[in-house]
Number of protein chains: 2
Amino acid sequence: MTDDVVQALSKVLSAESLVTDPDILQAHRNDQAEWAPSGMPSVLVRPASTSEVRAVLDVARALRVPVVARGAGSGLSGGANAIEGCIVLSLLRMNRVLEVDRRGMLAVVQPGALNAAVKAAAAEQGLWYAPDPASWEFSTIGGNLATNAGGLCCVKYGVTGDAVLGLEVVLADGSVVRTGGRTVKNVAGYDLTRLFVGSEGTLGIITEATLRLRPRPPKATTLLATFPTLVGAGTAVSDIMGTTRPSLLELMDRTTVRAVESWKPMGLDVGAAALLLARSDAGGAQGEEEIGLMAAACERAGSTFVMNTTDEAEGELLMGARRFAFPALEQQGATLLDDVGVPISRIPELLAAVERIAEQHRVLIGTFGHAGDGNMHPTVVFDRDDLDAMTRAKQAFDDILHAALDLGGTITGEHGVGSLKRGFLPAQLGPETLHLHRTLKGALDPLGILNPGKLV
Amino acid sequence: MTDDVVQALSKVLSAESLVTDPDILQAHRNDQAEWAPSGMPSVLVRPASTSEVRAVLDVARALRVPVVARGAGSGLSGGANAIEGCIVLSLLRMNRVLEVDRRGMLAVVQPGALNAAVKAAAAEQGLWYAPDPASWEFSTIGGNLATNAGGLCCVKYGVTGDAVLGLEVVLADGSVVRTGGRTVKNVAGYDLTRLFVGSEGTLGIITEATLRLRPRPPKATTLLATFPTLVGAGTAVSDIMGTTRPSLLELMDRTTVRAVESWKPMGLDVGAAALLLARSDAGGAQGEEEIGLMAAACERAGSTFVMNTTDEAEGELLMGARRFAFPALEQQGATLLDDVGVPISRIPELLAAVERIAEQHRVLIGTFGHAGDGNMHPTVVFDRDDLDAMTRAKQAFDDILHAALDLGGTITGEHGVGSLKRGFLPAQLGPETLHLHRTLKGALDPLGILNPGKLV
């Protein structure tokens, strides 16, 4: 079968686009998700054009071989993990920023372009591509689109999907569709753009994207506040969101703060139950007013220490605490990174549930994340060599998902379902909505060649 | 057939939910779109609950009768126009604001609730429901969702779809699905919410919506600028959008300004080629700075008169000019209101094309609209009693659609395709993308009972 696939592909692709070296295949087997299963691909294709992507899908359809698209492989849900015998379709060679239209405030890019490259191309024209997943320096736009990636700035500027005007997509049947366009508003037909964004390569392969650019925001003022209780921090978050428009609002719990302090000491209060980092990029006096409102909200909620700075370097230093959160927890052992979302009013309950779960399963859980969006990353830390600890960690991970659902939340705010959380999707969606997913998947990919076994 | 339908419906609906009075049926035959064809419904149903909606679809499926959903009937594309012999399904009785969660910053509403009622309920909790179509005082949330309605504030705060967290939808097969949820970020499954938003009742009937609320913005400063050339006004628009974040950016051309002045004289410069109205709601000094940037952009682009005011009453007075734009044009004759969108860099070209079209077809066209989004409403004014003028007006209307497409734009930015622009959709989408629309429609509504002949 593998030979048939390779032979068929070799007839339609240039030699450069076709890779069968087992070491390279092995390296394209996984994304960054722990636990998620993966198989050995039969071949890696690296198309250089939309027509090569189309040719790959033609072969996949003829031979009924699954196709797993991937960008940088930095995903956190196993969405890009290979399926045994599949074609892995890397979009890294389609990495050009095709156009930056300064006056039209848009960029046209290929999926393999790094988020960082798009930001840089926009900046050259004095503009800004807002979406900033933590992986922005090494993840691709295609991966960002496939997962509808979030980040820190979405609390004010929205997620990846909010920055997409249009797409070119190759469908399972080989047709090439264009969705949306170059206008900010467009209601001519169904919102197909949003259907493909976040569909994790299960409905089509995105081969081009038209992205919305914005003016660069003014310099930000950064605020840090510590809280003696989790409830206090949660109250401050919903107060801040109800009264002002932070450009960033992040939370770290005590376990996370301690992990950061023990790895990169920066004088954080390891006795505090939680730490909030917030920013206003309103600029000037309005920025000061917003920061003032945020500080007042923190104080009302019982914060014992609030400080802010308009100095950019100092602001970056404070943000370092948040940026180190996950790597600092990784210093303490193997990690299972969760990605739950709850209505922002329920953050304290989520944090309390996570504490209970940690106690119950005798595991360490550090929680940090995008509090202003209610999107938190409880991270279970455990000893990889201890099988019992690993089992308890997995149970804790699962319990956190159930806790989020019980609070009216979601099992994934920004990382995606992939293969990691597929088993939990029915509990969130219910049978009718799940059935609708399958109807759509069946309509667009009747042979099931596009990333089967992921998401739905 | 009508008798069968009424009889079947009478078995599953309360008497109050079923209307057969011919005068009332006649009154539910059209929305506000001129030209769009309509048929006589066989019956009007006014369900009071999701289960009644479901019962109606069960009957429609069994008897293969089309169902046309409608709210206030204020649509501008014929999307809610009845089809001969159809069931018109009015959602006006399902008009409750079920919940406003102040700390969770969301509202749960039924589709028949007026946009104004949702705004009011949010305001009671110190919050803001942003979307503001011109019809906000009399259009329903359901209609806003069905068309993905725009408005004035979307230049900063997005369209209706950007304010929706989740939906309850009754599908053609009678199943009731829930999309999205109560969280701001959510990537658990396909973005079904956005698939239904803007689908004009062709994929399902929305029976509940969870809407995102925001903090109320600070008071706005309003700027007015006049320009001796259309190109100058267009240049100012893209300059303003590239450097700052207006909360409103509207344009009126000379014909529109003159129509307003002749109906409600307010001292506007009828010699100017175009007038811009802009707002900043950044507040305080930042608001002043933003207005300063906007004023500078206008002056650089050749504006001969720029003024601004922080006084709210005066700001509302200036906004009156824009609010009177369409009714003032309606004073001059029958109107054909277009709704095209172009990339903001191409606004001057669109305005020039509209001038050429007006000359060519010897019709009066007043153009106004949401310049900051590139979404303009060229409005053809003609004498309804003059058949030749009517034909020329229709030709001009069509040519404007083609002009927008030639500029990389869209045939509808916010009003929808409905039946009015259905013939133009293939030119915008192309055969593959149109086919994908039909695939989706066929998958969700295989019997074609939901608003057939609209949109796709």
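Student: How much area is buried between chain A and chain B, and how do I read that value?

Tutor: The size of an interface is often given as the accessible area lost when the parts come together. In this predicted model, chain A and chain B bury about 6300 Å² between them. Carbon and sulfur atoms give 60% of that area.

Student: Which three residues supply more of the area that chain A buries against chain B than any other three?

Tutor: Look at K185(A), V187(A) and Y190(A). Together they supply 16% of the area that chain A buries against chain B.

Student: How many residues does each chain bring to the contact?

Tutor: Chain A gives 87 residues, and chain B gives 87 residues.

Student: What polar links cross between the chains?

Tutor: Start with charge. The count between chain A and chain B is six salt bridges. One of the pairs that meet in a salt bridge is R103(B) with D239(A), at 3.5 Å from N to O. Then take polar contacts. There are 18 residue pairs of that kind across the interface of chain A and chain B, both residues at pLDDT 80 or more.

Student: Which element gives the largest share of the side of chain A that touches chain B?

Tutor: Several elements give two or more residues to that side, among them β9 (176–180), α8 (230–243), α10 (284–300) and α15 (425–444) of chain A. The largest share comes from α15(A), with twelve residues.

Student: What classes of residue make up that side of chain A?

Tutor: Count 35 nonpolar, 35 polar and 17 charged residues on the side that touches chain B.

Student: Now look inside one chain. Which domains does chain A have?

Tutor: The domain assignment gives domain 1 (2–90), domain 2 (97–215), domain 3 (218–324) and domain 4 (333–441). Take domain 2 and domain 3 of chain A. Their centres, taken over C-alpha atoms, are 30 Å apart.

Student: How many residues are in contact there?

Tutor: Five residues of domain 2 of chain A are in contact with ten residues of domain 3 of chain A. The two domains bury about 650 Å² between them, with 55% of it on carbon and sulfur atoms. On the domain 2 side, L152(A), V155(A) and K156(A) supply 87% of the area buried against domain 3.

Student: Where is the salt bridge between these domains?

Tutor: The rule finds one across this interface. Find the side chains of K156(A) and D281(A), which meet in a salt bridge at 2.7 Å, N to O. By class, the side of domain 2 that touches domain 3 has four nonpolar, no polar and one charged residues.

Technical notes:
Residues numbered from 1 in each chain as written. Chains lettered and ligands numbered in written order. Predicted model: local features only at pLDDT ≥ 70, side-chain atom pairs only at ≥ 80, totals over all residues. Heavy atoms only, no water. Domains from an automatic or database assignment. Contact = heavy atoms within 4.5 Å. Buried area = accessible area lost by both parts, 1.4 Å probe. Salt bridge = Lys/Arg side-chain N within 4 Å of Asp/Glu carboxyl O. Nonpolar A, V, L, I, M, F, W, Y, C, P; charged D, E, K, R; others polar. Polar contact = N/O pair within 3.5 Å; in protein donor to acceptor, adjacent residues only side chain to side chain. Helix = DSSP H or I, 4+ residues; strand = E, 2+ residues; numbered from the N terminus.
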